Structure formats: C-alpha cells, structure tokens
Amino acid sequence: METAVNIGYACSLLRKDMKQIVITLDSSDILYLEKQGDKQALAKASLESIKKQIGEGISQINSAKESSNANKGSSSGFGLKIDGKSLDYSLNKNLERSFFELAINCASVICCRSSSKQKARVTRLVKLGTGKTTLSIGDGANDVGMLQEADIGVGISGAEGMQAVMASDFAIAQFRFLERLLLVHGHWCYRRISMMICYFFYKTIAFGFTLFWFEAYASFSGQAAYNDWYMSFYNVFFTSLPVIALGVFDQDVSAKLCLKYPFLYLEGIEDTLFSWPRILGWMLNGVLSSLVIFFLTTNSVLNQAFRRDGKVVDFEILGVTMYTCVVWTVNCQMALSINYFTWIQHFFIWGSIAFWYVFVLVYGYLSPGISTTSYKVFVEACAPSGLYWLVTLLVVVCVLLPYFSYRSFQSRFLPMYHDIIQRKQVEGIEIGLSDDDLPKQVQGKLIHLRERLKQREL
C-alpha cells in the first residue's frame, strides 16, 4: 500500500503531457509468491517481470520515435517511475544496461522509496554511462552516498540533520536556492575558473618564451636575460594578484540578468570558455606576445644611443626594458579580459605595475654585490631615457591591438551568449530571443518551466 501511494505521488510530479512508464512488482503473481514465502521463485519471477517491463518500455519509446519521425512532429516526453524494490532488480548486472537505456531516453525518472545504496548506484550508472557531469542534491543521511558519488553534491540543511551538508560540496538552506546556486554562482564560477586557468597559461608562456628567444639570440650561451630576482618575483608579486582578483570578483553579467536569461548557463554545459580551441588560442596568444615583445624591443633599442653620453644598450638595460614590457603587457591583457571592475581589481592590476617600478628602483640602490646586474640601471639609464618609455608604450600597443581587434570582431559578429546580453544591456534594448533561436534542449526546458509557472499561478 505504501509503494502504491508513493507511485501515485510520483505521477503527480510529472508533466501532464508525459507518457508514463511504470515499473513495479505489484502484480498479482508476485504478490502470491510473496505470500508463499518461496524466496528463490520470487526472485526469479521478479527478475523476469522487471526484464519484461523494461523491454516493453524501450519498445514503447522506439515506437513513439518512429511515429514522430513519420509524422514530422514532436512527440511528448516519457516519464519513468520505479519503486525501490523494482530498482534493486533493475540494477542487476544483466539488466543494468537495459535499464540505463530506458532511463536515459525518458525526460524524467522518479525512483520511489530507494535506499542510500541504490541512490549512489543510480548516480554512478548515469555518470559513467553518459560521461557527463552529475549533480546530486539531498537533505538527509540516506542521501550521503548519492552526494559523494556525484561530481557535485549539494546538501540542504534543515530538519533532516547535517549529514548531507557535511558530505556535500555546497550547502543551501532551502531547495529554491538551487536556482541561484546554478544559474548565478555556477555561471560566474565557471567563467572565473576558465579565464583564470587560460590566463595562467598565457602569462607564463608570454614570459617564458621571451627567455627562449633571448637564449636563441645569444646562441644559447647561458647569458641570463633577466636578473634572478626578476624571474623569482614574476609569478609572486607582479602578475599573481590580478589573476586572483579575476577568479574571485569577475562577473560578465549581473545576477539579475543571469536569472532572467537562464540560457547563459549553456556556456558551461557546452564548454564554451574552456574548450581545447580556446586553451590553445590563449597559448598561441602567449607565444605571439613573446615574439612581439622580444623582437620589437631588441630591434628598437639595440644599436641606439640610449644614454646621454652616446653609449648603446647593454644586456642589463635590455633585460629591464623587456621585463617592463612583459609586466605591462600581461597586466593590461588582464584589464582587457575583465568584464566587471572593482576598486580591488584596479588596485591589483595597476598596483602590480607600480610595484615593479618601486622594486627595480629600491633593488637598484642596494650594493652591487646584492643587486648585481640591476645596480642603478633604472635610475641612471632607463628612467632618464625617453626611448625606454616610448618602446614600452609601442610594444604594449602592438601586443594588445590584435587581441582587442579580435574580441571586437568576435563579440560583434560571432557573439557568445554573454556577449549578446552585454551589448543589448549597453544599448538599452530588451533581449528578445525567440524559442527558435535557442538549442532544442533549451526549448524543451523552457516549455517545462512555463507549465510549472502556470500550475503555480492556478
């Protein structure tokens, strides 16, 4: 009786236009064997019954697909309902693949009265079978296995205790907060982490390849392009804080717009910002930046009267000039990549550049035994020279102009979802995307959400 009540409740959770597939062991034959107490015969009959029901469900779905293709129309989705007893047999090794095929072809799957182990096994089956990222949400101790098995676990704190929260990756107080967790913070975090990793590749390659080009220029003699402390402080002080600010504060669109236009979440599902082409693009950008920085710097300052007394540039001056161009370039590249500026990001970006000048000034005043190749290079040679400042400006503009042009072209003619919203927001135009402009999976979700809203209004 309890199972029948839970199955009936599950039916009410599905959309009215869904065709329902129910897998249960409430048939008269199974109930008769339960009364007889023959466990072996009961297990065999139950397995055969579940196998038959799964096969009928798959046939029903295939028939609906063929009918839909023949009529060139869209068939309504299927909803699968299964109780815990039937689920135990469905997860048998012989039926596992068939059950997965049936479940994956249904729009909704509801498992009633399932145990903690069953929830974890279903989650593992979906995760391994589809190869996609899985998220589980639960509020009780029987959800712990499912939360730990999924790629992302969300626990709800409340009357059921704190076991689910302690075993989860994220904790929320109410189920309705899941919408904001996914559509707002999920979208922001995906963008921040993707941009942060890509930028790490970029700034490391841009710096490292200038060393490689210099070694090739010096015939791999072992002559150092930069002072040892320059290289040690590059990732610690001069370029680390801006990328941390990017990973914490950046927002491409506001929280209000994330909720208003949920299709922004597709950027994470489609892996728009962290695909191999994008990663390789940032790496190529780093290589090209290093080429421009090295060759434009060397060709601009070498064999030129750099000092007032007519002396030309030596390796110490070339190293300071080239390093200054690297620091300016990678930090200005960060400024171009950020969508949402706060005073902290301004402070970190321009403060990192300013700190480089403070460091090279103070470090150059130390004794030659400590500052070595940096001894008063900035004060006596670089700062008084107009060529030093002109070369820095020229190199930074030449490096960033191609990226700026690419982003302008891409956001205008090949825009991503957030580019569309940003442009319309600046122009003050309401975004009016029709359902036909969105992917088919998004169209189905929108239909489902609209029906749920209508039910709430009624």
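Select strands S4 (135-138) and S5 (residues 152-156): S4 and S5 pair in the parallel sense over four bridges. Two strands count as paired if DSSP finds at least two bridges between them. Helices (H or I, at least four residues) and strands (E, at least two) are DSSP runs, numbered from the N terminus.

This is a predicted model, in which local features need pLDDT of at least 70 and side-chain atom pairs count only at pLDDT 80 or more, while totals for chains, interfaces and linings use all residues. Residues are numbered from 1 along each chain as its sequence is written, and side-chain values use heavy atoms, with hydrogens and water left out.

**Stop 1**

Click on Ser136; its bridge partner in S5 is Gly153. Then colour S5 by burial. Four of its five residues are buried, so S5 is largely enclosed by the rest of the structure. Buried means under 20% relative accessible area, exposed means over 50%, and partly exposed lies in between (1.4 Å probe, protein chains only).

**Stop 2**

Move on to the loop between strand S4 (135-138) and helix H7 (144-149), where Asp139 sits. Asp143 is in the loop between S4 and H7 too. UniProt, in an unreviewed entry, places the feature "binding site" at Asp139 and Asp143. UniProt positions are given in the numbering used here, feature names are shortened, and annotations may be inferred rather than shown by experiment.

Is Asp139 buried, partly exposed or exposed? Asp139 counts as partly exposed because its relative accessibility is 34%. Show what surrounds Asp139: not counting residues up to four places away in sequence, it touches Ile156, Glu160, Gly161 and Ala164. Contact here means heavy atoms within 4.5 Å.

Asp143 has 6% relative accessibility and therefore counts as buried. Leaving aside neighbours within four places in sequence, Asp143 is in contact with Lys119 and Gly138. Display the side chains of Asp143 and Lys119, which are joined by a polar contact of 2.6 Å. A polar contact is a pair of N or O atoms within 3.5 Å; within protein, one must be able to donate a hydrogen and the other to accept it, and residues adjacent in sequence count only if both atoms are side-chain atoms.

**Stop 3**

Arg113 lies in the loop between S3 and helix H6 (116-130). With 54% relative accessibility, Arg113 counts as exposed.

**Stop 4: the three-stranded sheet**

Now show S1, S2 and S3. They form an open sheet in the order S1-S2-S3, with parallel pairing. Strand S1 (19-23) and strand S3 (108-112) stand at the edges with a single partner strand each, so one side of each has no neighbour in the sheet. On average, neighbouring strands of this sheet are turned by 15° against each other, direction ignored.

How many bridges join S2 to S3? Strand S2 (residues 78-83) is joined to S3 by five bridges, and the two run parallel. To find one of the partners, click on Lys81, whose bridge partner in S3 is Ile110. Axes are lines fitted to C-alpha atoms, for helices over the stretch in contact, and angles run from 0 to 180 degrees between N-to-C directions.

**Stop 5: the annotated transmembrane regions**

Select residues 200-220, 232-249, 279-297, 317-340, 347-366 and 386-406, the "transmembrane region" features in the unreviewed UniProt entry. Residues 347-366 are 90% helix and 0% strand, and their end C-alpha atoms lie 27 Å apart. Residues 386-406 are 100% helix and 0% strand, with end C-alpha atoms 31 Å apart.

Next, pick helix H15 (residues 315-337). In H15, 19 of the 23 residues are buried, so the helix is largely enclosed by the rest of the structure.

**Last stop: the whole chain**

Zoom out to see 21 helices and six strands. Of the 458 residues, 42% count as buried.

How values were computed. Expected span 1.5 Å × (residues − 1).
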